[in-house]
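Q: Please take a close look at the aromatic rings in this model. Which rings pair up, and where do they sit?

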Amino acid sequence: MAKSISLASTALRYRDQLTEGRSRIEARFRTGLPSFQTATALSDLYDQIVCSVFEDSLKQALTGGAKSQHIDRLALVAHGGHGRRDLSPYSDADLMLLTPRISASCAAPVAGNLVRDLTDAGMDVGFSVRTPAEACSLAWTDPKIYTSLTESRLLCGDETTYRRFYESFRAGAKRRWKSLNQKAIQTRREERRKWGETIYLLRPNIKRSRGALRDIQLVRWLGFATHGQTDLAQLSSLGALSGDDLETLRRAHGFMLRLRHELHFRAGRSQDILDRPTQMEIARDWGYQGEAGVLPVEDFMQDYFEHTRGVRYVSAFFDDDHRARSRTATAFEKVLSRRIDDKIRMGPTHIWVVSKKLDSFASSLPDVLRLMQFANENRRRIAHPTWQAIRVAMLDRRLSPPDPQSVRSFLALLSQPGRLASLLRRLHELRIIEQLIPAMRRCRGLLQFNAYHQFTVDAHCLRAVQAATEFEEDDSAMGRRYRRIKDKTLLHLALLIHDLGKGYDEDHSEVGRRIAGEVADAFELETSQKETLQWLIHKHLLMNTVAFRHDLNDPDVVHDFAAEVGSVGRLELLLVHSVADLIAVGPDVLTDWKMKLIEDLYLRTRRYFETGNLPGENDPELDQHRQETVELIRAAGGSDSVVDLVGELPLSLLRHRASEEIAHELIQVGQWLGQEEGCYCAGLIEPDGGAVRYNVVVRQGERRVGTFARITGALYACGLTIFRANIETVGEDLVWDSFWVSDPDFADQPPVDRIQKVCSVIRKAIDEPEAPLPAARRVWKTKGNSEPEVVHLLPTKIIFDNDTFDHQTILSLFTYDRLGLLSEIAKVLFANDVSIQFAKIDTHLDQIADVFYITDANDQPIVDSDYQNQIREAMLQVINRKTNAS
C-alpha cells in the first residue's frame, strides 16, 4: 500500500513539473522567446523528466533483483523530433531503450516502469526496446523507423552502447543510401497524398502537408544516408545545400515552428491543423494589418505560403539530387540525344544545356524561355542540373521589363499544351512570370478566404491552365472542342491571368479587363487579339452565371447570351475557359449537374448561331426525343392526357433525362392526375447512389404562393439536407419541383420505406396547407467536438434584377449555408406573398447560390423598392439567425 502511494505521489510530482514547465515556457514564448529557443526549452523540460523517471526505473529494477553490471549497459535514446530537440508543447516523446543482449533480461522491468510513470505524468510516449542489431535491421526495412532513428540522441544510460549502435547505424545507412532514400521519398509522397499535394490548402497541416515541417525533415533524412549528417548547416558546409537554400529552410523552419508552438499552446494539446478561425486569431495576435483589398488573415497566410513554397522548392531539388539514378539510363539518354543548337541537346525523355554553356545560358531570360518552348513542344523534361543552374541564376537576376525576344518565346510556350502547366509553375516559382506580367506579383500567395475557392489566386490560375491542357488527351466532347481551337495562345494566357484582378474593392472582372489590356500592350498583340483577351477575361463568369442562374428554356436568355458572345469562335473559347476555371476551383466543384447546364447553354447557343433557331424552334433531335417518349407511353398503355404532357414539358426536363425515365414518370403523374386529389411525390435514387431526387408535382390553381415553402419545410422536418433544387412549370397549371437531398441517417442509399415516409410527409404538407408543418428535428452538438465554428468572411448578397425580364424579377441570394436555411428563406417569400415561378438552388461546401424567378401575388414583377427592402430585411434576419441546437 505504501509503495503504491509513493508511486502515485511521484507521478503527481512529475505531472506538476511538466504542467508548470509548460506554463513557464508559454509565458516566455508570449513575451517573444524565439521559436528555436522555445523548442530547446521544451526539450530540456522533457529531458529532465524522462531522465529522472529513468533513474527511478533503474532503482526499482535493482530493488527487484536486476544485476547492476547488466542494467548499467542500458541506454535511453530520444529520436525523431525529441532527438533533434525540435519539440512543440504537446509533442510525443519518442524513446528507444537500447540494450545489449546480455542486458535484455533487465530491460523489460525498466521499460515497464518507465512507460507507466511517464504516462502517469501526462506525457505521450512512443516507446520501443531493441538491441542495436534489431534497431538497425528494422530500420533497413521500415522507412518510418529509419527516418526517426536518423535523428537519435543519447538521453541517459550507457554511452558505449549508444555509440556502438549509432556508428553501426550510420555506416549501414551510407551503404544502403539508394534504397533508403527511395523508401524515404516514397513514404513522404504517400503522406503528402493524404494530407495535401499542394501547399495552397485552406486548412493545411503544418507538419504533414506539402512544403510543411515534414519536407524540411525529408532533407535531413536524405542528407543522413548520403552524407552521414542531418544538421542543415553541416549539409551546407558539405556542399549538399546552397547558402540560399539553407537560409530558406532556416527561415521557414523558424516560422512554422513558432506556428506549431502557437497551435499547441492555444489548443492545450497536440494540434497541427491550421483551421480558418485560428488563422484569423493568429493574424490578429501576431500583428498583421493587411492592406487595401487584402485581409489581415490573407496577409498572414501569404507569409505562410511564401515559406512553404520555399521549402517545397528546396526539398524538391534536394530530392532530385539524392534519389537513386540508373547510370545506364543516364548514359542511354546521352547516347541517343541530338543537338538542337550549339547550346541545347535533347534525348528521348529529357532536354538540357551543355555544361560549357550553362552558366551564361542560365542567366539569359530569352534563352531560358526558348528552352522551355522546346521542352513544351517536344514534351521533354528539363534535366535537373540545367534546372538547378537556371534556378540559381534567375533568383539572383534583377527584375526588369521583358525584351521582345523573351515575349515571343513566352507566347510560343503558351501556344502548345504539352507540359505547359508544369513549366509555368516553374516559371512562377522562379518569379519569371511576374517579370513578364507584373500583376502576377501582387497575387502571389493571395488567399481567397472562402470554402469555395480552395487555392490562392496564383495557384488557381495555374491550375486552370492545367485543367485546359488536360483536355488535349481527353476523348470527351470537351476534348474535341479544345483541340478544335487552332491557336490556343489567347486561351492559355487568359486562364493564366483571369483572376489577377482579385483583392481590390472593384469587381475583379473589371480590374482583370484592364490588366488584360496592359498585358496585350506589353506583348504587342494585334488589336483583334487584345479585344478578344479583354473580352474573355471581362466575361469569364458569364457562361456559368447564365447556365446556373437563368431559365435556359426562355428564348430571350439564349438570345441575349448569344448577342453578348457574338460568334462560335468566342463561344468555344468561353466554354473551355469556363469549364477549366470551375475544375481549378477545387475537387467536386464541377458536378455533373453543372456540366449539363453548361453543355445545354453551349448547344442551344451554337445551334442559334448556326441555324437562327432559339430553344424549342425546329429542333429535330428534341422532336425525336419527344417522339420516343410518346411511343414508350403508348406502348405502356398511357392515356392521351399523358401523351399531351410530353409536348408541355420544359426543355430542361427533356434534355437531361432519358426517354424511358421521362415516360415512366409521366405515366405515374398521369395516374395521379386521374385521381384529382392531393399532390404527386416520388423519390428516385440517383445513379451514383449518393443522393435522392424527390419529384413533387402540384396543381397550383389560382394562387401560386407557399408550395415551395411547405415542401422545403417538410424535407427539413425529415432531417434531410437540400443541396440542389429546380422548379419548373409544365403547361399552365402544373408546377414540377425537383429536390436533390442527402440523408444523414443513412451512410449508403436510404431504404424504400424511408423514401415513402418522406413522400408521405411532403404530401401531407401540401394537401393540408392550413396544418402546421412537423417540427424540425433538433440537432444535437457532438459532445467534446473540438472543431471551431465556421468563419464567415464573405458578405451575404441579396440582389433584385428587373433589367433581364419585364414580366419577372430575378432574386439572387449568395450566402453561407446552414441546416434548414432554404426552408426558412422559402417561408420568408411565402409570408411576403412572393410567388416563385422558377428556381435553381445550388450548394457547394458551406456556400449557396440560389436564384428565384419571382412575382408578387398579382403575377407582376417586384419593382417597388420598399417591397424589395421588406423582403431583403426579412431574409437577412433568418440568414443571421444561428441554427437551433442543444
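A: Start with what counts as a pair. Rings of Phe, Tyr and Trp pair if their centres lie within 6.5 Å, with the six-membered ring used for Trp. In this predicted model, Trp140, Tyr146, Tyr162, Phe165, Tyr166, Phe169 and Phe224 form one aromatic cluster.

Now the overall count. A search of the whole structure finds 20 aromatic pairs. One of them is Phe255 with Phe300. Their ring centres are 6.3 Å apart and their planes meet at 35°, so this pair is tilted. Planes under 30 degrees apart would count as stacked, and over 60 as edge-to-face. Phe255 belongs to helix H12 (residues 243–267) and Phe300 to helix H14 (residues 296–322), so the pair ties together parts that are 45 residues apart in sequence. Both Phe255 and Phe300 are buried.

Next, take Phe471 and Tyr482. Their centres lie 6.4 Å apart with planes at 55°, so this pair is tilted. Phe471 is in the loop between helix H23 (457–469) and helix H24 (477–484), while Tyr482 is in helix H24, so the pair ties together parts that are 11 residues apart in sequence. Phe471 is buried, with a relative accessible area of 7%. Tyr482 is buried too, at 0%.

The charged end of Lys488 sits over the Tyr482 ring, 5.1 Å from its centre. Elsewhere, Arg258 lies over the face of Trp286, and the distance to the ring centre is 3.6 Å.

Key: Residues numbered from 1 in each chain as written. Predicted model: local features only at pLDDT ≥ 70, side-chain atom pairs only at ≥ 80, totals over all residues. Heavy atoms only, no water. Helix = DSSP H or I, 4+ residues; strand = E, 2+ residues; numbered from the N terminus. Buried < 20%, exposed > 50% of the residue type's maximum accessible area, 1.4 Å probe, protein only. Lys NZ or Arg CZ within 6 Å of the ring centre and 35° of its normal.
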